[in-house]
Amino acid sequence: MNALLRRGAALATLVAALPGAAMAATLTLACGSNAADIENCLAHAQDWGRRNGHTIKLYSAPTSSTDQLALLRQQFAAKSSDVDVIMVDVVWPGVIKDHLLDLKPYSKGAEAKHFPAIVANNTVDGKLLGMPWFTDAGLLFYRKDLLDKYKLGVPGSWDELSAAAKKVMDGERAAGNADFQGFVFQAKAYEGLSCNALEWVASFGGGSVVDAQGNITINNANAARALDTAAAWIGSIAPAGVLNYAEEDARGVFQNGKALFMRNWPYAWSLAQAPDSPVKGKVGVAPLPAGAGGRAATLGGWQLAVNRYSKNADAAAALVMYMTSPEVQKKRAIVGSYNPTLPELYKDADVQKANPFMGQLLDVFTGAVARPATATGLKYPEVSRAFWDATHEVLSKKASGADAVRRLEGKLKQTRRNAW
């Protein structure tokens, strides 16, 4: 009998040591910062927890991705185990690589089913530091009913957008809608502005701030022209308040029927179609307009990763694999319009019915412009801050585009010093 008990104990120890075979645990999960993120994340995690004997707790992250990263770095410096499963922005893997668990022992090759570019982005020094959860690219949201009313088409260029926004804004204000705006976007001084500004600069043929080889390329006439063009929108087709807008601020204005155009991420689609949305059934989605250099949409998206200091690493990794599975990604795509990272789901009839734009704009998502995070590595947060600060100065009419990109080049050279 004692021998049997000993063999049983030994077997239990062996099973507990296997990846994914963690004992019952309490896991803390970061789910995003807005209500839609939480609703479309926490329920899945808790369902998995109930089925596997684990308790799931929610970690409330700051709303700004910039603030999220700053807080994470503080927690990592203290080797905190407070959060087990972390949401990782597409530009973070190289910045926080030393603090994330390698997921390859747990994935069983599942990463091969996801977009290769995202997997490559999440793989640092041969380690899979995050599983793709959803991908993003900047999109143009527009009021179908108002374009029809004023006999206008979906703008193909920034000039067409500006002209259409002015015409409709003037018409709606004359009809009594005094605070109607032509175009809203993210112009607050934070990471979201770097995303918007990269789209402007790239579409004007101004490059990507720092190229793939690490060369600083921002100081050029096309980049300066792009920033000057965007600055001219503010106070004309966009409100001065846009200088303090993040994603949810822009969405609030647009979804309340107070703007013709909005630049935002795909998540805004399902919210615009909600039963209580004032613009339900009136919204269209298109690629962002083109400049002289063509169209550009900044690559976004989030991964799920495991905190290296977690006390429940096996259970946390098992949760990550479930949350990034085809089953959960399909549900999140249908209910929350989160773009899957699995190509197969773009052919799914249920996903296409819920989000017609996903299949139509697949090229936008797969060809999006990456921020210079890979080239600049650990220094990317400083690079991005310098970029958004320079852009905000131009938008605030405190600097011309030419002066801003010249000074930005100097700042980036200081940041780089001898090497990225």
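Predicted model: local features only at pLDDT ≥ 70, side-chain atom pairs only at ≥ 80, totals over all residues.
Q: Is Glu191 buried or exposed?

A: Buried. Its relative accessibility is 8%, and the cut-off for buried is under 20%.

Q: Which residues is Glu191 in contact with, leaving aside neighbours within four places in sequence?

A: Ser65, Thr66, Val91, Arg371, Tyr380, Ser384 and Trp388.

Q: OK, switching to rings. How many aromatic pairs are there?

A: The count comes to 13 aromatic pairs. One of them is Phe134 with Tyr338, whose ring centres are 5.1 Å apart.

Q: Why does the pair of Phe134 and Tyr338 count as edge-to-face?

A: Because the ring planes of Phe134 and Tyr338 sit at 65°, and planes over 60 degrees apart count as edge-to-face.

Q: Where in the chain are Phe134 and Tyr338?

A: They're in distant parts, 204 residues apart. Phe134 is in strand 6 (residues 131-137), while Tyr338 is in the loop between helix 13 (326-336) and helix 14 (349-354).

Q: Is Phe134 buried or exposed? What about Tyr338, buried or exposed?

A: Phe134 counts as buried, with 8% relative accessibility. Tyr338 counts as buried too, at 3%.

Q: How about Phe185 and Trp200, what kind of pair are they?

A: The planes of Phe185 and Trp200 are at 85°, so that pair is edge-to-face, with the ring centres 5.7 Å apart. Phe185 is in the loop between strand 8 (181-184) and helix 8 (191-203), and Trp200 is in helix 8. The two are 15 residues apart.

Q: Are Phe185 and Trp200 buried or exposed?

A: Both are buried.

Q: Which residues do ring pairs link into a cluster?

A: Trp158, Phe183, Phe185, Trp200 and Trp233. So Phe185 and Trp200 belong to that cluster of linked rings.

Q: Back to Tyr338. Which residue lies over the face of its ring?

A: Arg332, at 4.1 Å from the ring centre of Tyr338.

Q: And over the ring of Trp265, what sits there?

A: The charged end of Arg263, 4.2 Å from the centre of the Trp265 ring.

How values were computed
Residues numbered from 1 in each chain as written. Heavy atoms only, no water. Phe/Tyr/Trp six-rings, centres within 6.5 Å; stacked < 30°, edge-to-face > 60°. Helix = DSSP H or I, 4+ residues; strand = E, 2+ residues; numbered from the N terminus. Buried < 20%, exposed > 50% of the residue type's maximum accessible area, 1.4 Å probe, protein only. Lys NZ or Arg CZ within 6 Å of the ring centre and 35° of its normal. Contact = heavy atoms within 4.5 Å.
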